[in-house]
Amino acid sequence: MCDECGCAHPSTVFLKNRLRKIDLQVPVLQANQDYAQKNRETFSSHGLHVINLISSPGSGKTTLLQAMAAKLGAQMAVIVGDLQTDRDAVRIRAAGCQAIQIETQGACHLDAKSVGEQIPLLNLSGVKLLVIENVGNLVCPASYDLGEHEKVVLLSVTEGDDKVLKYPSIFSRVSTMVLTKMDLHPHVDFDLNRAEMECRSLSPEVKCLRVSAKTGAGMDGLLQHWA
Amino acid sequence: MHEVSIAESILDLIERQLGAPQALAEVELCIGPLSGVSAESLEFCFATVAKERGFGVPGLSIQRTQVVIHCDSCLETYSVDDLMSFCPHCNSWKRTIQSGDELQLVSASLIEVSHV
Ligand SMILES: [Zn+2]
């Protein structure tokens, strides 16, 4: 037997390597895009508006969702992508809406398949807004379509106003940017207009909102925006 | 870093095309600055992931595209590697991104062993 390839040919001596090039021309994340499209159809058939919420860790995502849950109650549902604990899901549930958690097992982003598997676990009757809280970072979630209707990015005023152009892959794909922790703005050096102008330079149609989940300032405008 | 899962996705596509893992000499990709994927990190991990899955130790050939931008003020079209600065002709920030988010698997070169 040939030791090289395991075939029945008696000799291993006269082997020749040839290259065969196959043209593929396919998006690397084609499989994810197919799942995302399926999710989008499911979401639409339930009459849901679906948001993919993306931010750095510590930008106040869960606090904002708690404040939204307190106002919207059963009209909102949340899917939380969390590295290990279900602490965020518990906090959101306590504030008054359905929340289920996807354990990402170390992955730095959610993908459309893992989100799709959660949809049957939600009771969607009466739900109008589904928020998918992505894993906290501004890089990896940008590439993965989850089937959402819009990507929303949160940027807290404690993070620095230069982040927009540093993470163009996400800020060029958002339809809404929410500047959070506005109650802390008097204490930090964050140029609100600069951040919003730079975001518009990447996504000309982006809607920019400013909120403080703590004081409630801007919350009504935010909820109206998605009503 | 999600380049390991990007590498897995690339190999999934190739495996689906071939039916089973097979030794590869090279994989060709096209990556844009807005793809959210770091070409350097992918180059770093790709051969390791490929080897673990039985694809040999393929090289990675990455064609890097630029971001193509249309200036909404002076109407020029220009290309850049990053978006940190505004229009080189008029310095306007009013711009429309036309391309730059490519993340495409272009081709795969298989090593076929045959007896002479
Ligand atoms: Zn110009």
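The donor residues of the zinc ion follow the spacing C-x2-C-x12-C-x2-C in sequence, where donors are N, O and S atoms within 2.8 Å of the metal (3.2 Å for Na, K and Ca), and water is not among the atoms, so sites may look incomplete. This is a predicted model, in which local features need pLDDT of at least 70 and side-chain atom pairs count only at pLDDT 80 or more, while totals for chains, interfaces and linings use all residues. Residues are numbered from 1 along each chain as its sequence is written, chains are lettered from A and ligands numbered from 1 in the order in which they are written, and side-chain values use heavy atoms, with hydrogens and water left out.

**Zinc site**
- The zinc ion is held at 2.3 Å by the SG atoms of Cys71(B), Cys74(B), Cys87(B) and Cys90(B).
- The site is tetrahedral, with angles of 104 to 113° among its four donor atoms (four donors count as tetrahedral if all angles lie between 85 and 135 degrees).

**Interface of chain A and chain B**
- In contact (heavy atoms within 4.5 Å) are 41 residues of chain A and 39 residues of chain B.
- The two chains bury about 3,600 Å² between them, 61% of it on carbon and sulfur atoms, where buried area is the accessible area (1.4 Å probe) that two parts lose on being put together, summed over both.
- Arg20(A), Leu24(A) and Val28(A) supply 18% of the area that chain A buries against chain B, more than any other three residues.

**Salt bridges**
- Between chain A and chain B there are three salt bridges (a side-chain nitrogen of Lys or Arg within 4 Å of a carboxyl oxygen of Asp or Glu).
- Lys21(A) and Glu28(B) form a salt bridge through their side chains, at 3.4 Å from N to O.

Note on methods
Tetrahedral: all angles 85-135°; square planar, octahedral: opposite > 155°, others 65-115°.
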